[in-house]
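Thanks, everyone. Let's take a quick look at one structure. Sequence and model are coming up now.

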Amino acid sequence: MTAIQNSQELKNSVESALAEIRPFLNSDGGDIKLISIDDDKHVTVKLEGACTHCSVNQMTLKAGVETTIKKWAPQIETVVNISA
């Protein structure tokens, strides 16, 4: 398999993870968008809507988003949210 195929599969896995957690974020008026995957290990996302200013968004990021992404793509080491 080529690196491009591996990267596309990784992106698909991360997108699947985000699709799994998105309904929970949507129910609170928020959403999440994949920004990038660097070195096939580091994911950057953007919490949107109500999640942008939520006081527990760091907990949501670590406990919910990062855990779910690592379930789908165990090779991911970090998940970072960029500010709006």
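Here's a question to start with. Among contacts between residues at least 6 apart in sequence, what percentage join residues at least 24 apart? It's 50% in this protein. Keep in mind that this is a predicted model.

Now the overall layout. We have 2 helices and 3 strands. Going along the sequence, the order is α-β-β-α-β. The radius of gyration is 12 Å, close to the 12 Å that the globule rule gives for 84 residues, so the protein is as compact as a globular protein of that length. Along the principal axes, the C-alpha atoms fill a box of roughly 40 × 20 × 20 Å.

Next, surface and interior. Of the 84 residues, 29% are buried.

On to charge. There are 8 positive side chains and 11 negative ones. The centres of those two sets lie 2 Å apart.

Where does Glu66 lie? Find helix H2, residues 57–72, and you'll see Glu66 there. Is Glu66 buried or exposed? The relative accessible area of Glu66 is 11%. The cut-off for buried is under 20%, so Glu66 counts as buried. And which residues does Glu66 touch, once we leave aside its neighbours within four places in sequence? Glu66 is in contact with Leu61 and Val79.

That's the tour. Over to you for discussion.

How values were computed
Residues numbered from 1 in each chain as written. Predicted model: local features only at pLDDT ≥ 70, side-chain atom pairs only at ≥ 80, totals over all residues. Heavy atoms only, no water. Helix = DSSP H or I, 4+ residues; strand = E, 2+ residues; numbered from the N terminus. Buried < 20%, exposed > 50% of the residue type's maximum accessible area, 1.4 Å probe, protein only. Contact = heavy atoms within 4.5 Å. Rg over C-alpha atoms; globule rule 2.2 N^0.38 Å. Lys, Arg positive; Asp, Glu negative; His and termini not counted. Charge placed at Lys NZ, Arg CZ, Asp CG, Glu CD.
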